[in-house]
Amino acid sequence: KQGQQAFSVVFDTGSAHLIVPSELCQDEPCKVHRRFLTKESPTAVDVDADGSPVLKGQARDQITIAFGTGEVTGVFVKDQVCLGSSTPLTGPACTEMITIVAVEMAEDPFVQFKFDGVLGLAMDGLSQSRDFNFLQRMLADSGRMREPFFAVWIARHGAAEPGEITFGGWRPERMETGLQWVPVTNPEYGYWLLDVYALR
């Protein structure tokens, strides 16, 4: 549709923001990937970290996020974000949230990636605020997800069928045993930490 911009992302449970390259970024990792064009989106608004609109000519808030290798520096845009494939949702798979659009990206490792950006799936303890957290926004936005879950099915190397991620539930046919629930340790840190008592 007019105004929509498509990006491929890696789902990252160790971060909590949506990051895509900006049209303002001239680093090589940005140039070899699709870049977000603010003027192409009729619903995009340049904002500061607190969500307030940026006035024309006003200096903008920035953030630098470090990953295991490399870092990204970006500014903030509030816009509609939609999932690109079918999911068990009660309505359109879209929500309004604050996205980080990168104005600088470290060459290592981002220039090598096949995907354009990163969609963080950590808990809101790692987010600037809940307005930055995709899962929290999907839950808050009229209960778009049936359940507050996402599930990952990892395919074997070389398998004909690729792995998948499911939002709002899980696919029972992917499970070999019943589902078991384990509490997250120190959820305020934002990471999916679990106590491990034994390895078999």
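Chat on a predicted chain model

Mentor: The chain has three helices and nine strands. Keep in mind that this is a predicted model.

Trainee: In what order do the elements of the chain run from the N terminus on?

Mentor: The order is β-β-α-β-β-β-β-α-β-α-β-β.

Trainee: What does the C-alpha trace span along its principal axes?

Mentor: About 60 × 40 × 35 Å.

Trainee: And what share of the residues is buried?

Mentor: Buried residues account for 34% of the 200 in the chain. As for the surface, the chain exposes about 12,400 Å², and 51% of that area is supplied by carbon and sulfur atoms.

Trainee: Take contacts between residues at least 6 apart in sequence: what share join residues at least 24 apart?

Mentor: That share is 63%.

Trainee: Switching to pockets. What volume does the largest pocket have?

Mentor: About 1,300 Å³. Its lining is made up of 36 residues.

Trainee: Which of those lie nearest its centre?

Mentor: Phe 150, Ala 151, Leu 179, Gln 180 and Trp 181. The elements that give two or more residues to the lining are helix H3 (134-140), strand E8 (150-153) and strand E9 (164-167).

Trainee: Which element supplies the largest share of the lining?

Mentor: E8, with four residues.

Trainee: How do the lining residues divide into nonpolar, polar and charged?

Mentor: The lining of the largest pocket has 23 nonpolar residues, seven polar ones and six charged ones.

Trainee: Now the backbone. Is the peptide bond from Asp 108 to Pro 109 cis or trans?

Mentor: The bond from Asp 108 to Pro 109 is cis, and its omega is near 15°.

Trainee: Where is Pro 109 found?

Mentor: In helix H2, which covers residues 107-110.

Trainee: One more residue, Asn 186. What is its phi?

Mentor: Phi of Asn 186 is near 50°, which is a positive value in a residue other than glycine.

Trainee: Where is the place of Asn 186 in the chain?

Mentor: Asn 186 sits in the segment after E9.

Trainee: Why does Asn 186 count as partly exposed?

Mentor: Because its relative accessible area is 33%, and partly exposed covers values between the 20% limit for buried and the 50% limit for exposed.

Technical notes: Residues are numbered from 1 along each chain as its sequence is written. This is a predicted model: local features need pLDDT of at least 70, side-chain atom pairs count only at pLDDT 80 or more; totals for chains, interfaces and linings use all residues. Side-chain values use heavy atoms; hydrogens and water are left out. On a 1 Å grid over the protein atoms alone, a cavity is a set of points where a 1.4 Å probe fits but cannot get out, and a pocket is an open set with protein on both sides within 12 Å along at least five of seven lines; lining residues have an atom within 4 Å of a point. Grid points are joined across faces, edges and corners, and a volume is the space filled by probe spheres set on the points. Ala, Val, Leu, Ile, Met, Phe, Trp, Tyr, Cys and Pro count as nonpolar, Asp, Glu, Lys and Arg as charged, and the others, Gly among them, as polar. Buried means under 20% relative accessible area, exposed over 50%, partly exposed in between (1.4 Å probe, protein chains only). Contact means heavy atoms within 4.5 Å. Accessible areas come from the Shrake-Rupley method with a 1.4 Å probe; for residues, only the protein chains shown count as cover.
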